Amino acid sequence: MTGFDDRWRRLVDAARRGENAGSAESTASHAGSVRAGAESSGDRERHAWEQFAGPKHDAVERGGTHIDRARAARMAMLARTHAEGRARALREWRGLAVAAGLFLACLVGLAWSADALGFTPSIGETRQDIARLARKVPSTSFIPQPPQPAEFGLPTLAEIEPKLAAWPGAHFLTSIDDWFTLTQTSAEKSQ
Amino acid sequence: MTEPTLDVSILLARWAQGDPDAATELVLHTHPWVLRWVRAHRSHSFSDEDLVQEVYLTMFAKLDRYSPRDGVPFAHWLSRLTVNTCRDVLRAEVRRPRLVGLSAQAGEWLESLTSERDVPIAETHAARELVDVLLAELAPDDRLVLSLLDLQQLSVAEIAQLTGWSNTLVKVRAFRARRRLRTLAERRVREQGS
């Protein structure tokens, strides 16, 4: 122990001096009852109050320590109301937690059933949609496909192309095309 | 100190049945002890009444968790709850500014604390004043451990039981708190001298 500790103890002893010191008596009575035999639970509780619940020295005496019944009742009522409010809040939180759990379970169930029934959106399509949106290109998916000639009973271009060379007017059309090409070339040259 | 004739188990049973008078009786019987424990914390930011009320709010909120069958007397349970509630509340307490004026006698005690001067033995009020001022400058945990150990003269084991700290932690905290107290006292002496 240092010199300061000694001096601090001296100061504290002086500060404590003259204050209520009933601990020695209660300690003696407690030791006597322990020696006399087994303590009942009531005795133990009483000694607990004597020995433990009260500080041995009330270093700061600032008025009495007892309160009247009306104040005690007010204090108890406030504390009870607070305790009941806390318990109610706890119940409400539990209810909220259960509701949130049920909601999550429903979501998981929906996701699972959509997956099982094949309603899951394709990842590739989703990625394309996202890329299109990022490029700000308008969607054309709502424009229907043009009707195909076969739908009207007409032959397709691939079917009629081999027969075109044998058509009588083909020679005439080819000469007109050649004349247009020559005219265009000479105009470009003159410029 | 008046000895309480309190049968806690009966009161608790009445409380569990919703008897409002049981709560009042409980407050009436335990108030002196709760108030003394609250005062042992020497709070300067909170009034004793506020802290007592806080203790009762906590006590009634946790009362259903107390079971006499655990072998823990209600007094011990309540003491521990009081100490812990006060510690929690006071943890946010702003420490008092250091420049609190001391009386001349308290100043003499201060000088005798930091040097080997003669002690004004008769001046116990001044000693108490100095102790209050010095403890108020400490952090709540330091203040609590010194208050319980030196002023209330509880044993290390009792403090450990009350606070839930280990015996070693109580000793270490007390040692560090005294060291901080010494620094504070020496600084005060220097400030008084300058």
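Helix α2(B) passes α3(B) in a right-handed crossing, a crossing being right-handed if the near helix is turned clockwise from the far one by less than a right angle, and left-handed if anticlockwise. The model is predicted: local features need pLDDT of at least 70, side-chain atom pairs count only at pLDDT 80 or more, and totals for chains, interfaces and linings use all residues. Residues are numbered from 1 along each chain as its sequence is written, chains are lettered from A and ligands numbered from 1 in the order in which they are written, and side-chain values use heavy atoms, without hydrogens and water.

In chain B, α2 covers residues 20–40 and α3 covers residues 48–62; their axes come within 10 Å and cross at roughly 130°. The two helices are therefore oblique to each other, a word for angles that are not under 35 degrees (roughly parallel), over 145 (roughly antiparallel) or 65 to 115 (roughly perpendicular). Residues of α2(B) that meet α3(B) include Leu26(B), Val34(B) and Arg39(B), and among their counterparts in α3(B) are Leu51(B), Val55(B) and Phe60(B).

Helix α3(B) also packs with a helix of chain A, α4 (residues 69–117), at an angle of about 50°, with the axes 8 Å apart. Helices α4(A) and α3(B) are therefore oblique to each other, and their crossing is right-handed. On the α4(A) side, Arg71(A), Met75(A) and Arg86(A) are among the residues that meet α3(B), where the residues met include Glu49(B), Tyr56(B) and Phe60(B).

Terms used:
Axes fitted to C-alpha atoms, helices over the stretch in contact; angles between N-to-C directions. Helix = DSSP H or I, 4+ residues; strand = E, 2+ residues; numbered from the N terminus. Contact = heavy atoms within 4.5 Å.
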